[in-house]
Amino acid sequence: RARRLLSKVTVATMTSLPSAEPQPPSRSHPNPRDRTLAIATVALLLSGVFDVGRALYCRYRLSYAVTQSASLLAGRPVATTNNDANGLSAAAADLVRRISGLRDLPRSAVRVSSAATTGDAGDPSRMTLTVRYTLPILSPHVRALFRNGVVSLQAVAVRATPVPVPSAVAM
């Protein structure tokens, strides 16, 4: 009985001895270099996704703000003098800034132009509201992909405006 037991122990130890062949690396303990590379890659991807998402969101908000501002300003008569055009541009810049939430939008980035259409005096004129905004990229590795580290956003809205009615005194 002892011999049988001894032979079983010997067979069990002979089969459990490591072989001379190279074993594949264990998946439970990856190389530390691989883990560092994976963490760095994930961090770069997340910051890139954040910057692209931020740019797309700002583009959407700017487009929405320009459309709404143009609709609100369309009820005003066409600017006939330079002072009227400056006042209209300032009002448009304030509206776009409030609606979009872009607090650093300069007034010089907003341009309002009016063009009278040819035809009858009752035809409406067109007002074009154009906004150009440069959005700085936050992460340095994504900033290197864009010229000067900024994304240029532009939004345009065209609306019909009423033509001023000639005064009865001038007739």
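Start by selecting Tyr64, which lies in helix 2; helices (H or I, at least four residues) and strands (E, at least two) are DSSP runs, numbered from the N terminus. This is a predicted model, in which local features need pLDDT of at least 70, side-chain atom pairs count only at pLDDT 80 or more, and totals for chains, interfaces and linings use all residues. Residues are numbered from 1 along each chain as its sequence is written, and side-chain values use heavy atoms, with hydrogens and water left out.

**Stop 1: a tyrosine patch**

Keep Tyr64 selected: its relative accessible area is 37%, so it counts as partly exposed (buried means under 20% relative accessible area, exposed over 50%, partly exposed in between; 1.4 Å probe, protein chains only). Together with Tyr64 they form a nonpolar patch on the surface, with about 360 Å² of accessible area. Patches here join residues with over 30% relative accessible area and no salt bridge, like charges within 9 Å and nonpolar side chains (Val, Leu, Ile, Met, Phe, Trp, Tyr) within 5 Å. The areas come from the Shrake-Rupley method with a 1.4 Å probe, and for residues only the protein chains shown count as cover.

**Stop 2: the core**

Next, select Leu62. Leu62 is among the residues with the most contacts inside the largest nonpolar core, which has 29 residues. Such a core is a set of buried Ala, Val, Leu, Ile, Met, Phe, Trp, Tyr and Cys residues joined through side-chain atoms within 4.5 Å. Helix 2 gives the most to this core, with 7 residues. Leaving aside residues up to four places away in sequence, Leu62 touches several others, including Val96, Tyr133 and Leu153 (a contact means heavy atoms within 4.5 Å).

**Stop 3: a charged trio**

A salt bridge is a side-chain nitrogen of Lys or Arg within 4 Å of a carboxyl oxygen of Asp or Glu. Arg97 and Asp94 make one at 3.2 Å, N to O, and both sit in helix 3, 3 residues apart. Asp94 also pairs with Arg107, with the closest N and O atoms 3.2 Å apart. Arg107 is in the loop between helix 3 and strand 1, so this pair ties together parts that are 13 residues apart in sequence. Shared partners join Asp94, Arg97 and Arg107 into one network.

**Last stop: confidence**

Finally, colour by pLDDT, the predictor's confidence in each residue, from 0 to 100. Over residues 11-16 the pLDDT is below 50.
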